[in-house]
Amino acid sequence: MKKILLAASALALFASAATAQIKISLDSPPDLEGSGSYVWAHAFSTYLNEHGMAAEEYQRGALGGDDEVFDQVSQGLVEVGLSPLGIVASIDTLIYGLRLPYFFADMAAVDRALYDNGMLAAINEGLDGSGVQVLAVDTVGPATGIFNTLHPVTSMADMSDLRMRALDESQIQLYAAWGSTGTVVSWAEVPNALQTGVANGYLNPAFVPLLFGHTDFIKYFTPAEISPSLRIIIVSEDWYEGLSDADRATVDAAAAAANEANRTWLETQTGVIAQLEAAGVTISELSPEARAEFQTASATTYDLIVTPEQLAQWQAAIAE
């Protein structure tokens, strides 16, 4: 009898785990017009719910910051998290190829490298056993440009007096290559840093000051098209591998539907510049010569971002 009870208990626990609600930790406000990340997350959760897998979105910060979400995903406490690229780079830096400035022509080139030419699989191979896998890569908006609080930027020389908010040391090195300086500031501290002069600007897609309410102090934008604006979707390795074949196929199909919704949304982002101008932000374009100057200087930082072997992998993936 005891063995029967133990077996029944184990089956009950398994059934409970199989039907447990899938927690999705958001990384942006739930704005279907202004946030590409949320477009992805909402399409993903909607598909799961419509196909028999209960899923719930959790507001940005509700489950903790990026590091806390990563820890919970790696432990299987949270199933899905929308996260910055760097959150898995402490395990393997191959993913940093997605941050190479002036490397990808557009989002289609990113998708070819990831999904057609094997780079997403290569990234996940480096993460095997870590507790997390990268389910997909989403775009949060048009390619990144240069925002600042002081003056227009129309050439690399205009960067000389700007101290830019950096994600990490490699971005500080990028600013140095441009003749500028950088300081690492967490996203939560960015508004205060920009208003107090700790930082004078940041690199982001055009919608960011609008979405996060920064246009009161961000006054200049240069659409320099430095790199695609990307985030990643991480999933619990134990959870994903523990799914039945049918449920895993549903999750994969949900990710494909979310990718499609995200890329379709990107094509609609044509009026953001006008919205910035209406909010009082001055737009400054780069001449072809100025753009080439930024591109040449940026290429000198590639070996600070990825290893030569990793760079060769990414170069092969975009060359095919």
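Q: Thanks! What is the bridge partner of Ser25 in β2?
A: In β2, Ser25 has Tyr58 as its bridge partner. Strand β1 (residues 22-25) and strand β2 (residues 55-58) pair in the parallel sense over four bridges. Two strands pair if DSSP finds at least two bridges between them. Strands (E, at least two residues) and helices (H or I, at least four) are DSSP runs, numbered from the N terminus.

Q: Before we go on, what kind of model is this?
A: This is a predicted model, where local features need pLDDT of at least 70, side-chain atom pairs count only at pLDDT 80 or more, and totals for chains, interfaces and linings use all residues. Residues are numbered from 1 along each chain as its sequence is written, and side-chain values use heavy atoms, leaving out hydrogens and water.

Q: Got it. Which helix makes a unit with β1 and β2?
A: Helix α2 (residues 36-50) does, and together they make a right-handed β-α-β unit. Right-handed means that, with the strands pointing away from the viewer, the path from the first strand over the helix to the second runs clockwise.

Q: Which strand is joined to β1 by two bridges?
A: That is β3, which runs parallel to β1. Ile24 has Val80 as its bridge partner in β3.

Q: And what is Val80's bridge partner in β10?
A: In β10, Val80 is partnered with Val235. Strand β3 (residues 80-83) and β10 are antiparallel and joined by four bridges. Strand β4 (residues 132-141) is also antiparallel to β10, with eight bridges between them. One example there is Ala136, whose bridge partner in β10 is Ile233.

Q: Why is β10 largely enclosed by the rest of the structure?
A: Eight of the eight residues of strand β10 (residues 229-236) are buried, so the strand is largely enclosed. Buried means under 20% relative accessible area, exposed means over 50%, and partly exposed is in between (1.4 Å probe, protein chains only).

Q: Which residues are on each side of it?
A: In a regular strand the side chains alternate between the two faces of the sheet. On one side of β10 are Ser229, Arg231, Ile233 and Val235, and on the other are Leu230, Ile232, Ile234 and Ser236, all buried.

Q: New topic: how many aromatic pairs are there?
A: The structure holds ten. Rings of Phe, Tyr and Trp (its six-membered ring) pair if their centres lie within 6.5 Å; planes under 30 degrees apart count as stacked, over 60 as edge-to-face and the rest as tilted. Trp40 and Phe44 are stacked, because their ring centres are 4.9 Å apart and their planes are at 25°. They are four residues apart in helix α2, so about one helical turn separates them. Both Trp40 and Phe44 are buried.

Q: How are the planes of Phe147 and Tyr202 arranged?
A: That aromatic pair is edge-to-face, with 5.6 Å centre to centre and 65° between the planes. Phe147 lies in strand β5 (residues 145-148) and Tyr202 in strand β8 (residues 201-204), so the pair ties together parts that are 55 residues apart in sequence. Ring pairs also link Phe147, Trp187, Tyr202, Phe212 and Phe221 into a cluster.

Q: Last one: how many helices and strands does the protein chain have?
A: There are 14 helices and eleven strands. Of its 320 residues, 50% count as buried.
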